[in-house]
Amino acid sequence: MESEFHVGDDAELYAAGALTEEEQAAVDAHVARCDACLRRLGEAEETVLALERVNAVRPAGSREAKVLPFQRRGVSSWWVAVAAAAALILGFILPHRGSQSDTPTIAMLHSHFAHAQFTGAGPVAKVLYARDRAWYYVIVAGAHRYEVYGVRDGQNADLGTTQPGAQTSDLFAPTARRFDRVELRDAGKIVETAAIR
Amino acid sequence: MQATALRLLRDPEAARECVQEVFEGLWRRGGPYSPVRGSLEAFLVTCARNAALSQLRAGRRRQETAQKIEAPGEYTLDEDPIERQRVARALAALTEGQADVVRLAYYKGMTLAEVAAELAIPIGTVKGRLSAALRALRRSLVPETSHGI
């Protein structure tokens with residue numbers, strides 16, 4: 001009789017690498033006979049792929065990305081993996097070296113942080129900040145540029161101006177200073193404030 | 001795959017071997033990939049990630065990696081600024097609890113039990129938060145046309 005077990009949340013845990021090898025094997029066994037769970041697992045794997053796309057592999061000293069053939073979008077045939085395996089075995093894919101840079105993502109991944117919502121007449125906005133106050137990351141809905149100030153005991157510190165993207169504008173400000181609040185200003189006028197606790 | 005393994009293992013040679021082991025394993029077993037699952041690329045990256053995490057957790061590479069992080073190499077792992085910004089924004093939209101779990105379990109490669117101990121929360125809560133976070137990140141990061149396929 002077919003088990004009623006389905007992978008459920010284990011799909012995301014599998015894709016995130018959070019399951020033990022035994023648990024992974026159980027998921028593999030189940031998805032081999034359950035297309036619904038296989039699709040859910042595939043969706044979770046797409047999320048992991050999106051997270052991993054942050055990293056590209058480049059030859060040192062070059063600005064041209066060296067992307068492995070099977071990392072390109074639209075390549076979906078199993079034979080490509082076989083060809084890639086052959087390439088690997090023959091040593092065509094060379095070693096790489098890791099490095100880190102000081103970016104919001106890296107900062108967020110390596111420190112505990114807290115959120116605070118901005119309040120005021122301006123757009124939806126949020127500030128994330130390291131609990132040790134090593135950095136502040138401000139993200140604002142919309143593509144408008146805002147000046148960002150940290151305030152403590154009546155003293156203002158100019159943290160910079162948000163940089164607009166397609167739908168939001170943001171600023172990553174590495175600083176070791178502690179602030180009571182962070183302000184968004186437009187042409188010098190305070191439009192929103194977030195309390196830092 | 002190489003970038004995924006390299007980010008976790010921090011050792012070019014270990015990353016190359018990890019990817020090679022993945023392909024050799026798939027070659028021997030035939031591989032559990034099916035088009036129903038979705039893209040081959042996502043499947044392979046997940047395979048590489050799970051293999052790299054297994055190596056990390058087994059502690060096989062810890063000592064060697066610590067010695068090789070600063071070693072010069074022919075290639076560098078660089079960040080795509082556009083993807084980096086997308087991911088930063090998606091991470092910023094998570095709850096604090098979800099973000100903590102993603103940071104420890106996903107990016108630091110800690111086991112669920114280690115995350116539970118670090119955050120002093122039940123392991124079931126860790127599982128729930130990680131799963132919910134991945135689903136939320138999917139909504140933020142994966143194009144709508146890919147949903148529900």
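Select chain B: along the sequence its elements run α-α-α-α-β-α-α-α-α. That gives eight helices and one strand. Here helices (H or I, at least four residues) and strands (E, at least two) are DSSP runs, numbered from the N terminus. This is a predicted model: local features need pLDDT of at least 70, side-chain atom pairs count only at pLDDT 80 or more, and totals for chains, interfaces and linings use all residues. Residues are numbered from 1 along each chain as its sequence is written, while chains are lettered from A and ligands numbered from 1 in the order in which they are written.

Stay on chain B and color by burial. Of its 149 residues, 50% count as buried (20 or more other C-beta atoms within 10 Å of the residue's own, C-beta atoms being placed from the backbone).

Next, select B:112-119, helix α7, and B:123-141, helix α8. They pack at an angle of about 105°, with axes 8 Å apart. So α7(B) is roughly perpendicular to α8(B) (65 to 115 degrees). Axes are lines fitted to C-alpha atoms over the stretch in contact, and angles run from 0 to 180 degrees between N-to-C directions.

Which residues of α7(B) meet α8(B)? Show B:L112, B:A113, B:V115 and B:A116; they meet B:I123, B:V126 and B:K127. Contact means C-beta atoms, placed from the backbone, within 7 Å.

Move to chain A. Five strands form an open antiparallel sheet, in the order β2-β4-β5-β9-β8. Pairing takes at least two DSSP bridges. The edges are β2 (113-117) and β8 (163-164) of chain A.

Finish on A:135-141, strand β5, and A:168-174, strand β9: seven bridges join these antiparallel strands. Zoom on A:V140, opposite A:S169 in β9(A).

Conventions:
Buried ≥ 20, exposed ≤ 12 C-beta atoms within 10 Å, placed from the backbone. Parallel < 35°, antiparallel > 145°, perpendicular 65-115°, else oblique. Contact = placed C-beta atoms within 7 Å.
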